[in-house]
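Biologist: I'd like to learn how to read a few features off a model. Could you walk me through some, with the general idea before each case?

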Amino acid sequence: MNYPFWEVPIIGGGVLIGIVAVIHVFVAHFAVGGGLFLPLTERKAYRENDPRILDYVKRHTLFFVLLTLVTGAITGVGIWWTIGLVHPPATRTLLLVFVWVWATEWVMFFTEIAAALIYYYGWDRMPPKTHLTVGWIYFASAWLSLFLINGILTFMLTPGQWLQTRSLFHAFFNPTMLPSLFLRTLVAVALAGIFALITASWLQPDDLREKMVKWAGRWLIAPAVLMPVGLVWYLAMVPESARRFVIGGAGPVLQVFFAVSIILSLFIFAFTLAGTFKFARQFNMPLALLIAGLALITTGFTEWVREAMRKPYVIYGYMFSNSVRVDEVPKLREKGILVNAKWSSVPYLTRDNWRDAAKEIFRVQCASCHTLDGYNALRPLIHGWDERMIDQALQRLHILRNGVMPPFLGTEAERKALARWLAEIAKENGTVNSQQR
């Protein structure tokens, strides 16, 4: 409420964040797992005295550097750009709480980029031992970057004792920090193997392709065995209401997405392990790309579920998804939304400006999650509703929507103005439908 609202047509700001974030998460986890794959595979080449494997690692390094440094960097900047515009109060909170963690992560990120470039350009220019050391430096900085970012992300769902102490230690080492780190590390290892299949699938001769396909497939064994353990651990640590959304029947759409992510993960592991060990010689590029595509889709479903579990908060127990802090609720109910929204073009509700005021109330309270006609649209949702029905729903949003939506915050007059305006929207929808018929 202290910042101008950035309205994204059709898809809404949340979906835009999701699109950028899923791509970044997918590539960033490969940047960690791939950083482990490179030195271990290089060491394998030296141990087996096989120059063909060494040549493969050199070519895989180019693929790795181009994908992680270019796509990862662009989408990383994109995340900062989108969250800063869509959720500036939440972004500000994360910066203030974790300022030294962010500073440390940026040092790790700089080290990661420098080490990756030195590792790539160091082939045939450095002694093998020195080159391997650079590879290990890259992996260590990449994993530490994951470690730091993970603590910040998990804070948003489980701030834990920070809500009382405001301690950085409690914020970072929150209840889901360790199980999430365990799961993300396993995901990074699995993606290292999946992306290695892409570069291994075009190798010649057949015996080399078979060897490297099997080597890449082995990287999915530990994640396949340990991920169920990590998932149970993670779900045990989330708030009870969030867990209920996923497995307790309160959020059917969320349950479907969660089930799809589990099914796709099982299919990826089974298909990859069977394909790489039983048909390694026949393994080809289309199969590798299919597995990578399914992994990207699975990442999308999983991240969507993780984000949705926080509802109705953007920072659980501290800030609602519309950027209103929990401690602001009494003030907003007493004095109203418009007078407290610093960038509202309508500072007061009057008899003459109620329609414009209602639009501002919708923008401040609802538009962070809802559009009128695009994603999560309100117009078809309230089709056929009258003003009284809408007003009654606004009074019980947090109950009717199973805790997914925050309560309406504002005066009774502001609520009734919003209900009246939405009733007009509902009638417009009915008129349009009648004309179409």
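Modeller: Let's start with Thr299, which sits in helix H13 (residues 285-308); helices are DSSP runs of H or I, at least four residues long, numbered from the N terminus. A caution first: this is a predicted model, where local features need pLDDT of at least 70 and side-chain atom pairs count only at pLDDT 80 or more, while totals for chains, interfaces and linings use all residues. Residues are numbered from 1 along each chain as its sequence is written, and side-chain values use heavy atoms, with hydrogens and water left out.

Biologist: Is Thr299 buried or exposed?

Modeller: Buried means under 20% relative accessible area, exposed over 50%, and partly exposed in between (1.4 Å probe, protein chains only). Thr299 comes out at 13%, so we call it buried.

Biologist: And what does the side chain of Thr299 reach?

Modeller: The backbone oxygen of Ala295, at 2.8 Å. For contacts, the criterion is heavy atoms within 4.5 Å. Skipping neighbours within four places in sequence, Thr299 touches Val22, Val25 and Phe26.

Biologist: Now Val213: which residues is Val213 in contact with, leaving aside neighbours within four places in sequence?

Modeller: Those are Leu197, Ala200, Thr276, Ala280 and Phe283. Val213 belongs to helix H9 (residues 206-218) and is buried, because its relative accessibility is 0%.

Biologist: Okay, on to charges. How many salt bridges does the structure hold?

Modeller: A salt bridge is a side-chain nitrogen of Lys or Arg within 4 Å of a carboxyl oxygen of Asp or Glu. By that rule there are 23 here. One of them joins Arg281 and Glu210, 2.8 Å from N to O. Arg281 is in the loop between helix H12 (252-278) and H13, and Glu210 is in helix H9, so this pair ties together parts 71 residues apart in sequence. Arg281 is partly exposed at 37%, and so is Glu210 at 21%.

Biologist: Where do Arg363 and Glu360 lie?

Modeller: Both are in helix H15 (residues 354-365), three residues apart, or about one turn of the helix. Arg363 is partly exposed at 27%, whereas Glu360 is buried at 8%.

Biologist: Which residues are linked in a network of salt bridges?

Modeller: Lys44, Glu48, Asp50, Arg52, Asp207 and Lys211.

Note on methods
Helices (H or I, at least four residues) and strands (E, at least two) are DSSP runs, numbered from the N terminus. A polar contact is a pair of N or O atoms within 3.5 Å; within protein, one must be able to donate a hydrogen and the other to accept it, and residues adjacent in sequence count only if both atoms are side-chain atoms.
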